[in-house]
Structure formats: C-alpha cells, structure tokens
Amino acid sequence: MTLVVENLSKEFELRDVSSPALVSINLEVQDKEFTCVLGPSGCGKTTLLRIIAGLEQPTSGKVIIGGEVVTEPTPRLAMIFQDYSLFPWRTVLDNIAFGLEMKGIDEIERHRVASRYLDLIGLCGFGKNYPYELSGGMRQRVAVARALAIDPSVLLMDEPFGALDAQTRNMLQKQLLEIWDKTKKTILFVTHSVDEAVFMADRIVVLTSRPGTIKEVVTIDLPRPRDRTSQDFASVRRYVLGLIDEQLPIQ
Amino acid sequence: MLPENQKWWHGIRSKSFLLKIALPIIIIISWVILSALIDNEFILPSIVSVLIVLSKPFADILGSGSLVGNALVSLGRVLIGFAVAAVLAIPLGIGMARNAKVHDFFDSTIQVFRPIPPLAWVPLALAWFRIGLLSMVFIIAIGAFFPILLNTLDGVKSIKKTWIEAAHTLGAKERQVLAKVILPGAAPTIWTGLRVGFGIAWMCVVAAEMMPGTNSGIGYLIITSYNWGQVQVIIAGIIVIGLIGLGIDYLFKIVERKKFMWRELDR
C-alpha cells in the first residue's frame, strides 16, 4: 500500500510564538519499500513519523495511506517506539496478542497467531515471560512482533534501536531485514545514524536541521546483504554523511 | 538446595531479627515490672489477666458479646464504608487524571476537605444520620476516600504516554485503553491507595463505635469495658485491633508482591 505525504507542515506554539518544525514535506513511499528518514537531532523527524501515525495533527498538508487521509491512529500504520513501550503487566505472548485482543479475537486464536510472530522474531519459548525478564534487544523484537501481529500495511519505526549497544544494534538491523524480507511490509524507519540508514534502506530521505525540510532523497542500490567494510558502502556512507555535515553551523 | 543465607532458620538467627524483637521484649518486661509495682488492676492489669481474656476470644464479655464477634461486626462496617469510598474515589481519580476540566472542577473542593480529620465529622454524622450503621459508614468512607483518590490520581498520571499511544496504534478504542492500559497500568498505585485507605478506615471504625448509643463492635466493647473498670479487656481489645490491622495490611502486601511485581522490576 502506497504511503503519500503531501505538502505537510507543522508549527509548534511556544508561549504564543509559533515556530515551524517541518516545512512542506512531500514524500511517496512505495509498497514493500524500506525507507529511512535521516536527520540531525531536533530536525523534526520524530514529529514527521508521529504525524504519519496519526498521533499528531499537521498544521497543513496531509498523509494518505491507500487513498485515505490519516487523521487518527489506524491499524494500517503500526508504530514502534524507541522505548519499546511494551505493557509490563502482560506476558510477552499477551503483549504480541494485544492488537488482536482489541479486535475481539478469542484467546485461542490470538495466542496461535501471536506464537507464529514469536517464532518469527526468534523468541519461541519466551511467550510466558514478562518484558522485564528480557534484554533491551529482545524487548524491541517483541515490540516488532506486536506491531506485525495486527498485519499493518506500513511499519513506522522511531529510532527503534537507539537505546541499544552497538553489537545488539547490528544484530537487530540484520534481523529486521530478514523479517522485512519474509513479511514484505513497507517500512518507514527514523534514525540519526548514517551507518544504520545506509545499511538498511532502499531510499534515504535526508532532512535539514530545524525547521525540517527534505534536503535530498538518496537511493541506495547496493545489493543485500550489505557489507559495511566494502568500498561501495564507504563511498555511499561518505556521500550521505556529507549531506548531513553541510548543514551543521560553522563554528 | 538454597544457599545458606536463604534457609528459613537464617531469619531467626540473624542480628536484624534480634533487633526487631528487642523492643517488644523490653515493653513486655516493663509491663510485668510496672504492673507488679503499681499493683492496681484498674490502672495497669497484669499481663496474665490480659492473656486470660485473649485466651477466650469467643466468650461473652459483660453481656456485650465476644472479642471475635465484635471484631467481625467492626470488620463488616469497615468493608461497607471502604467499598463506598473505593467506588467513589477510583472513578473520580481516573476522571481527574485524564481530564483537566474535571480536575479543575473538583480539585479546590478536595483540597479544602482533605485536611479535615474524619472524626471531626462525628457530630454532623450524628445530626444527619442518627446513631447507627449509616453514620459509621459515612465516617469510615470519608477516612478511606482521600488516600484512595490521591493514589489513583497519581497512578493514572504516571502512566507512560507511549503505552497509551501504542494501544491506540494497535487499534484500541478509548474504552479499551481505559480497561486494558490505564487500569492495569495504574493498578499498583491504586492498590497502595486501597491499602492506606483500609488502614485509616480501620482506625475510623473503632473511633466511630465509641460514639454514644452504639451497641456493638470492638470500639463499643472497649468503651463499655472502660465504664465497668475492666482495663484488662481494654488492653485485650487494643491488641485485637492491632493484630487485625496488621493481618489485613499483610494480605494487601501479599497481593502487591504477587500481582504488581512488574512495577519494581520494569526499568
């Protein structure tokens, strides 16, 4: 399902002074595409994702998914937060089954579906555990499974690996690509890490610093699995890094 | 095999256990000495005469019923008053935490009424409801209301915003967010409010039963014993009040440990 962001702007009111956070963002994400939104911190990339998810309203412009304008959260767009936001009073399996429970699906069926996603993220055997018994990386995988279980068209991911150490991060990047390959979901992935974006994305949307506008959309056509140590990878990485560095104010 | 420091007898041998029982032992010894010195059952009865009363918990005392019988009557009253308080305070607390208008509408009034001790309502309760169950329930409910309300408010406010947002993106409607996220998320704090509220309700019932014209309950038994000069029954009654309060608090804590462990462990 195609996701379209049309001429979207957002202003925040701070003590009666409005300050622009995002200015005329136009974006089209194709079905099954992996897109990264990359930008320096404070550029409004999280705000953009929240507006797309229907959690915030744009000041002008609109978000369209499958021909319908998004005004509130919809199960077509599943959001994954940086802090995992798992429900700590629920077991892992019941966390994954949450969306199905909201739809009124009976317990046997939703546990059956949830177990399938538990397998997909490689955590079968952890269904009866509680989130606090898992490591950060495992929790974020559960959050991915919880989002996938409602069978959304698009996964929106807000710096999902930002709180994890480098090794766990690299491992989860690979796992997410495998999951993406198996489920063929459209993914919109926000990050401030150039390395992460170049490793994962089909296309990188580079934002300028605040107020955020689209500086450039970079298509990455390196074959997967990508080799971080290859020369091609390094040159793409250098190019994208250059786009980000240009915007930093000169001291 | 459990490690040495987790075996059951370790608790008894440990220094902290000795420290914990030191003061009660000092109190009991002082009691024995003082009661022997004073040698007046109407001021400080001997520990033996109190134990005799406690050893017959089902025996009728001065035609006013038994220790256990009266304690059960008191417990029944507390449960009614406590239930009334919980039914009013929990929804109000959720409403105030979720909606700024509801909060502003109630907040100033609550701040005025909160510092009033429940027993200050006794004369009004008597004037409005006469002596009887209704006036006692009124006082108990007032006592339990505020801790439940304030903890509910606190618990709902401390719920992570992303829990609610995650629930919305997973397709939850407002009512489902309330039942499946807000209530379970705030439950540990609400439970703390119920525990504190029950403790206050238990204090209130004993005082309310000392109102003139009451004819049952552990508070009534104590005040009647005073009128008959039966100090050993007063002390036995006080011990029963303390033990029941302790026991109920312990039950609350067990549930807390079993059901709400996630609050401590979730980082």
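## A hairpin in chain A

Strand 1 and strand 2 of chain A form a hairpin with 2 residues between them, and A:Arg15 in the turn has a positive phi of about 45°. Strands here are DSSP runs of E with at least two residues, helices are runs of H or I with at least four residues, and both are numbered from the N terminus. The model is predicted: local features need pLDDT of at least 70, side-chain atom pairs count only at pLDDT 80 or more, and totals for chains, interfaces and linings use all residues. Residues are numbered from 1 along each chain as its sequence is written, chains are lettered from A and ligands numbered from 1 in the order in which they are written, and side-chain values use heavy atoms, with hydrogens and water left out.

Two strands count as paired if DSSP finds at least two bridges between them. A:Leu8 stands opposite A:Ile25 in strand 2 of chain A.

Strand 1 (residues 3–14) and strand 4 (residues 60–65) of chain A pair in the antiparallel sense over 5 bridges. Across this pairing, A:Val4 stands opposite A:Ile64, and A:Ser9 stands opposite A:Ser60.

Angles run from 0 to 180 degrees between N-to-C directions, and axes are lines fitted to C-alpha atoms, for helices over the stretch in contact.

## The sheet of six strands

In chain A, 6 strands form an open sheet in the order 6-7-8-3-9-10, with mixed pairing. Strand 6 (77–80) and strand 10 (214–219) of chain A stand at the edges with a single partner strand each, so one side of each has no neighbour in the sheet. From one strand to the next, the twist averages 15°.

Strand 3 (residues 34–38) and strand 8 (residues 186–191) of chain A pair in the parallel sense over 5 bridges. The bridge partner of A:Thr35 in strand 8 of chain A is A:Leu188. Helix 6 (residues 166–183) of chain A packs on the sheet and touches strand 3, strand 7 and strand 8 of chain A; its direction makes about 160° with that of strand 8 of chain A. Helix 5 (residues 136–149) of chain A lies across strand 6 and strand 7 (154–158) of chain A, running at about 170° to strand 6 of chain A.

## Backbone details in the loops

A cis peptide bond, with omega of about -5°, joins A:Arg224 and A:Pro225. A:Pro225 is in the loop between strand 10 and helix 8 (231–245) of chain A. A:Lys32 is in the loop between strand 2 and strand 3 of chain A. Phi of A:Lys32 is near 65°, a positive value in a residue other than glycine.

## Two helices of chain B

Two packed helices are described by the angle between their axes and the distance between the axes. The axes of helix 9 (residues 174–208) and helix 11 (residues 231–259) of chain B come within 10 Å and cross at roughly 170°. Helix 9 and helix 11 of chain B are therefore roughly antiparallel to each other. Angles under 35 degrees count as roughly parallel, over 145 as roughly antiparallel, 65 to 115 as roughly perpendicular and the rest as oblique.

Among the residues that meet are B:Trp191, B:Phe198 and B:Trp202 in helix 9 of chain B, and B:Ile241, B:Ile248 and B:Phe252 in helix 11 of chain B. By class, this contact has 10 nonpolar, 2 polar and 4 charged residues. Ala, Val, Leu, Ile, Met, Phe, Trp, Tyr, Cys and Pro count as nonpolar, Asp, Glu, Lys and Arg as charged, and the others, Gly among them, as polar.

How values were computed
Contact = heavy atoms within 4.5 Å.
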